[in-house]
Amino acid sequence: MISKPYAADFTLNGKKAVITGAASGIGYATARLFSEKGAQVCLLDRNPQALQNAASSIPGSFSCSADVADYDHVNRTIQTIVKEHGDIDVLVHCAGIGDIERAEDFDEKTWRKVIDVNLTGSFFMAQAVGKQMIQAGNGGKIICMASQAGIVAIDRHVAYSASKAGIISMVKSLAYEWGRYGIQVNAISPTATETPIIVGYWDVGEVHEKAIANTPAGRFCKPEEIAAAAFFLATDAANMITGANLVVDGGYTIH
């Protein structure tokens, strides 16, 4: 049993963090903040060119192209990172897709793609990094990106909602099993965040107006605000938080 004490230094000095979906949006904002707070960051994404551009703007970072839904590729990538750069202290899994359609029109291929990338990919990454953390014996932090769509019903989001609800449940199981190893596993559930994934649905027309009207904070979220939540969960100040779902939604889900 590894028991980690509370420490309020609020830095990631000397930590090594792997961040998926890091070429843009929440993943990129998280990688940039973690680097500023002292971590060495590894950016993972399936878009090689965007990944290279993102990594070049973060001093001291390195990057790997990765398909999170490919079990063998995920495990090879994590093994390579550990071999070349050392043990991983933090995983922030942001990679995800947001295909939307009415439930009666959802085809099998799209359903499986959303579940494979969002839910199965989250498990593959958490499992691969978790095994490395267990072997290293130093504990660690695993943070998976869920969504307000995993908490409340949202129109045309049936597959996305199912995948994100699965992540919320998954982190509880992982936190329960891996607590003995000093590994904290948590989820973050953002509201609509100003990233490319919301374009064409959340950012225009009646959907946009209703979403803003139903959000007590009166606006959508910035990627940097989700990065800040991930940063807190990654620090030793959050050592007593595990199996939790940190909701960052401006109050959208409270009514």
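Between which two elements does the loop that holds Arg-156 lie? Select Arg-156: its loop runs between β5 and α5. Helices (H or I, at least four residues) and strands (E, at least two) are DSSP runs, numbered from the N terminus. Residue numbers start from 1 along each chain as its sequence is written. The model is predicted, so local features need pLDDT of at least 70 and side-chain atom pairs count only at pLDDT 80 or more, while totals for chains, interfaces and linings use all residues; side-chain values use heavy atoms, with hydrogens and water left out.

Stay on Arg-156 and check its backbone. Phi is near 65°, a positive value in a residue other than glycine. Arg-156 is partly exposed, with a relative accessible area of 29%; buried means under 20%, exposed over 50%, and partly exposed in between (1.4 Å probe, protein chains only).

**Helix α5**

Next select residues 158-178, which form helix α5. This helix has 21 residues and reaches 30 Å from its first C-alpha to its last, close to the 30 Å expected at 1.5 Å a residue. The expected span is 1.5 Å times one less than the number of residues. Colour the buried residues of α5, among them Tyr-160, Lys-164, Ile-167, Ile-168, Val-171, Leu-174 and Trp-178. An α-helix has 3.6 residues a turn, so residues three or four places apart point the same way. Now show what covers the buried residues of α5: the cover includes α4 (108-136), β5 (140-145), β6 (183-190) and β7 (245-248).

**Helix α7**

Move to residues 223-234, helix α7. Its 12 residues reach 17 Å from first C-alpha to last, close to the 16 Å expected. The buried residues of α7 include Pro-223, Ile-226, Phe-231 and Leu-233, as well as Ala-227, Ala-229, Ala-230 and Ala-234. Among the elements that cover them are α1 (25-36), β4 (90-93), β5, β6 and β7.

Select Leu-51 in helix α2 (residues 48-56). Is Leu-51 buried or exposed? Leu-51 is buried, with a relative accessible area of 3%. Leaving out residues up to four places away in sequence, Leu-51 touches Ala-23, Leu-43, Leu-44, Asp-45, Ser-63, Cys-64 and Ser-65. A contact means heavy atoms within 4.5 Å. Draw a distance from Leu-51 to Ser-65: their C-alpha atoms are separated by 7.5 Å, with the two residues 14 apart along the chain.

Then go to Asn-75, in helix α3 (residues 71-85). Asn-75 counts as buried, at 11% relative accessibility. With residues up to four places away in sequence not counted, Asn-75 touches Ala-128 and Lys-131.

**Zoom out**

Select the protein and switch to a cartoon. There are seven helices and seven strands, and along the sequence they follow the pattern β-α-β-α-β-α-β-α-β-α-β-α-α-β. The C-alpha atoms fill a box of roughly 50 × 35 × 35 Å, taken along the principal axes. Buried residues make up 49% of the 255 residues. Among contacts between residues at least 6 apart in sequence, 72% join residues at least 24 apart.
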